[in-house]
Amino acid sequence: TQYITLPDSSSVLLNANSSIAYREDWLESSERNVTLNGEAFFDVYHTEDHRRFLVHANAVSVEVLGTSFNVLNRRDRTQVVLKEGEVMLRAERSEVLENNITMRPGELVEIEGDNYVQHPVRVENYTAWMQDEHIFEGTTLAEIALLVEDIYGVEISIKDKSLLQKKFTGRINRGDLNSLFGQLEKVFQLSVERKQQVVIIK
């Protein structure tokens with residue numbers, strides 16, 4: 001993870017295996033455009049001239065003036081969780097969203113393909129990574145496997161597909177991947193074997 005201060009004093013906390021990009025003449029542009037790959041938490045500074053701040057994430061852009069929010073953009077899935085303020089989601093392509101989506105604090109919007117969901121969530125569960133934690137609440141083993149692959153750069157192999165929908169609830173320190181695997185072994189009576197960068201769960 002890494003903190004970055006943008007030229008307008010907005011701050012970004014990048015999650016592992018994530019990156020942002022913006023133009024060298026960013027401050028001179030009429031809009032503040034940032035492209036995200038991965039996951040980041042943005043705390044956006046509201047400029048005196050009310051210049052828009054746009055985060056481009058796959059098929060949508062997140063438009064704000066000044067607020068704080070989390071954006072996840074991996075595997076053709078974009079997820080936005082709003083902590084404070086107000087944001088608007090605009091489709092980069094018309095087939096993704098017919099209309100712009102306005103979000104309120106405490107809401108999540110997740111877009112995958114041409115489908116989206118919008119509902120209230122516990123923001124803490126989606127920003128726990130900022131405090132070096134993972135909070136799982138009824139999270140399937142399939143979702144946990146994807147998270148581990150994206151964040152830690154290991155490959156998860158689960159041959160028994162019936163295991164994928166098992167749900168786990170718990171709070172785990174991000175720095176202790178072995179603790180997560182140990183909890184999964186106990187809760188689901190699994191065997192977790194690690195061979196270099198491949199983790200076999202059965």
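Biologist: Where is His 50 found?

Modeller: His 50 is found in the loop between β4 and β5 (53–57). Helices (H or I, at least four residues) and strands (E, at least two) are DSSP runs, numbered from the N terminus. Before we go on, this is a predicted model, in which local features need pLDDT of at least 70 and side-chain atom pairs count only at pLDDT 80 or more, while totals for chains, interfaces and linings use all residues. Residues are numbered from 1 along each chain as its sequence is written, and side-chain values use heavy atoms, with hydrogens and water left out.

Biologist: Why does His 50 count as exposed?

Modeller: Buried means under 20% relative accessible area, exposed means over 50%, and partly exposed is in between (1.4 Å probe, protein chains only). His 50 has 52% relative accessibility, so it counts as exposed. His 50 also has a positive phi of about 55° although it is not a glycine.

Biologist: And Asn 58: what is its phi near, and where is it found?

Modeller: Phi of Asn 58 is near 60°, a positive value in a residue other than glycine. Asn 58 is found in the loop between β5 and β6 (60–64). With 40% relative accessibility, Asn 58 counts as partly exposed.

Biologist: Why does Val 64 count as buried?

Modeller: Val 64 has a relative accessibility of 2%, and therefore counts as buried. Its place is in strand β6. Leaving aside neighbours within four places in sequence, Val 64 is in contact (heavy atoms within 4.5 Å) with residues including Val 44, Phe 53, Phe 69 and Val 87. The C-alpha atoms of Val 64 and Leu 54 are separated by 6.5 Å, and these two residues are ten apart along the chain.

Biologist: What makes a nonpolar core, and which residues have the most contacts inside the largest one?

Modeller: A nonpolar core is a set of buried Ala, Val, Leu, Ile, Met, Phe, Trp, Tyr and Cys residues joined through side-chain atoms within 4.5 Å. The largest here has 27 residues, and Phe 42, Phe 53, Val 62 and Phe 69 are those with the most contacts inside it. Strand β4 (residues 32–43) gives the largest share of this core, four residues. A second, separate core has 20 residues, among them Val 148, Val 154, Phe 181 and Val 199. In soluble globular proteins, nonpolar side chains tend to be buried together.

Biologist: Which residues does Phe 53 touch?

Modeller: Not counting residues up to four places away in sequence, Phe 53 touches several, including Leu 6, Trp 26, Val 34, Phe 42 and Val 62.

Biologist: How do you know that α2 is roughly antiparallel to α3?

Modeller: α2 and helix α3 (residues 177–188) pack at an angle of about 165°, with their axes 13 Å apart. Axes are lines fitted to C-alpha atoms, for helices over the stretch in contact, and angles run from 0 to 180 degrees between N-to-C directions. Angles under 35 degrees count as roughly parallel, over 145 as roughly antiparallel, 65 to 115 as roughly perpendicular and the rest as oblique. That makes α2 roughly antiparallel to α3. Where they meet, Leu 141, Ile 144, Val 148 and Tyr 152 are in α2, and Leu 177, Leu 180, Phe 181 and Leu 184 are in α3.

Biologist: What makes the pair Glu 149 and Arg 75 a salt bridge?

Modeller: A salt bridge is a side-chain nitrogen of Lys or Arg within 4 Å of a carboxyl oxygen of Asp or Glu. The side chains of Glu 149 and Arg 75 meet at 3.0 Å, N to O, so the pair meets the definition. Glu 149 is in helix α2 (residues 141–152) and Arg 75 in the loop between β7 (68–74) and β8 (77–84), 74 residues apart. Glu 149 counts as partly exposed at 21% relative accessibility, and Arg 75 likewise at 46%.

Biologist: How many salt bridges does a search of the whole structure find?

Modeller: The search finds 16 salt bridges. One of them joins Glu 110 and Arg 77, with the closest N and O atoms 3.1 Å apart. Glu 110 lies in strand β11 (residues 107–112) and Arg 77 in strand β8, so this pair ties together parts 33 residues apart in sequence. Arg 122, Glu 124, Glu 133, Glu 137 and Arg 171 are linked in a network of salt bridges.
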